[in-house]
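Please open the model in your viewer and keep the sequence panel beside it, so that each stop of this tour can be selected in turn.

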Amino acid sequence: MALSNERLLKLYRDMVMIRRFEEVIETYAANGTVPGFVHLSIGQEACQAGVVDCLKKTDYKFPDHRGHGAICLCGTDPKLVMAEIFGKATGINHGRGGSMHVNDLDCGNMGFNGIQGSTMVTCLGTAFNAVYNHSDAVTAVFMGDGTLGEGTCHESMNMAATWKLPIIYCLVNNQYAISTKYTEAHPQKRLKTWGEGYEVPSFFVDGNDIEAVVEAVEAAVERARKGEGPTLLEFDTYRWQGHFAGDPAAYRPEEEVQAWKDRDPVKLCRNTMLERGISEADIKKIEDEEEEHVQEMLKFSLESPYPGIETATTYTYADREVETR
């Protein structure tokens with residue numbers, strides 16, 4: 001599928017923003033500024049940018065624990081996402097969510113949590129809501145290869161297939177579940193076969209090829225909006241960093257890492273644009289603008305205050321002034 005130059009430029013901008021956003025987070029996680037565990041998606045940008053680009057603001061999105069990039073593209077001001085990861089009061093969730101619990105219901109971002117596979121259950125609710133209320137809203141749920149080890153995946157796909165719920169299972173196969181290669185945990189050579197067992201149309205997609213990602217997602221979105229049920233898409237990609245920021249990832253062969261870096265999704269998109277006549281100057285302009293954009297996010301995040309101690313129980317207990325019914 002050949003996308004228009006205009007759309008390629010937009011998607012390239014999205015991927016560059018994700019890359020620089022994640023690199024900044026990695027730097028400040030290493031020096032202790034960003035609290036808690038952080039899971040990065042450097043190397044997986046095409047999966048996130050391509051999926052979100054095919055969705056409406058009114059669609060439901062369930063990010064995974066590497067979802068910073070997708071979250072930034074859903075409609076939330078990215079500087080509020082970065083501030084949230086920094087634990088600042090100006091964050092979209094006032095510093096309460098951190099890296100893994102960012103949500104913004106106004107943009108259809110339903111958030112994630114530390115319970116692996118949990119969103120495979122909760123996504124059934126938004127999908128059923130769309131059917132019940134005769135809405136054309138689609139639910140996209142991100143999941144990793146490691147999540148397939150959870151029984152909730154089977155339960156979710158079975159119900160979604162039986163009730164023809166409008167769900168797109170975005171299986172981001174980055175080859176490793178923490179330190180376990182997916183081939184050591186599953187007998188299938190292609191993980192998409194899990195969906196086939198439930199009569200869910202399932203496809204293997206080059207997750208580093210932005211055009212392949214968009215083509216697959218657009219077809220899945222069309223099926224879902226027409227009431228034809230769920231689709232599972234296995235995006236073949238790779239995370240350049242370890243499982244979490246600071247993980248040396250000694251379990252991965254260096255030549256394997258380099259081979260995947262040679263297929264950098266950002267560079268692949270850049271090369272495609274050059275081949276189609278988009279000028280180096282236009283591409284460089286996007287790169288410079290997004291660098292400035294991310295630096296503005298960083299400045300905002302560093303200068304923002306932490307939540308005050310007086311707000312420690314805010315959002316924990318019911319407001320006494322709220323009338324009970």
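Begin by selecting His94, which sits in the loop between helix H4 (78-85) and helix H5 (119-132); helices here are DSSP runs of H or I with at least four residues, strands are runs of E with at least two, and both are numbered from the N terminus. The phi angle of His94 is near 60°, a positive value in a residue other than glycine. His94 counts as partly exposed because its relative accessible area is 35%, where buried means under 20%, exposed over 50% and partly exposed in between, with a 1.4 Å probe and protein chains only.

This is a predicted model, in which local features need pLDDT of at least 70 and side-chain atom pairs count only at pLDDT 80 or more, while totals for chains, interfaces and linings use all residues. Residues are numbered from 1 along each chain as its sequence is written, and side-chain values use heavy atoms, with hydrogens and water left out.

With a relative accessible area of 76%, His134 is exposed.

From Val51, draw a distance to Glu215: the two are 164 residues apart in sequence, yet their C-alpha atoms are 9.7 Å apart in space. Glu215 belongs to helix H9 (residues 210-225) and is partly exposed, at 42% relative accessibility.

Finish at the largest pocket, where 20 residues form the lining and His65, Gln116, Thr147, Ile178 and His243 lie nearest the centre. A pocket is an open set of points on a 1 Å grid over the protein atoms alone, where a 1.4 Å probe fits, with protein on both sides within 12 Å along at least five of seven lines, and lining residues have an atom within 4 Å of a point. Strand S2 (139-144) and strand S4 (176-177) each supply at least two residues of this lining.
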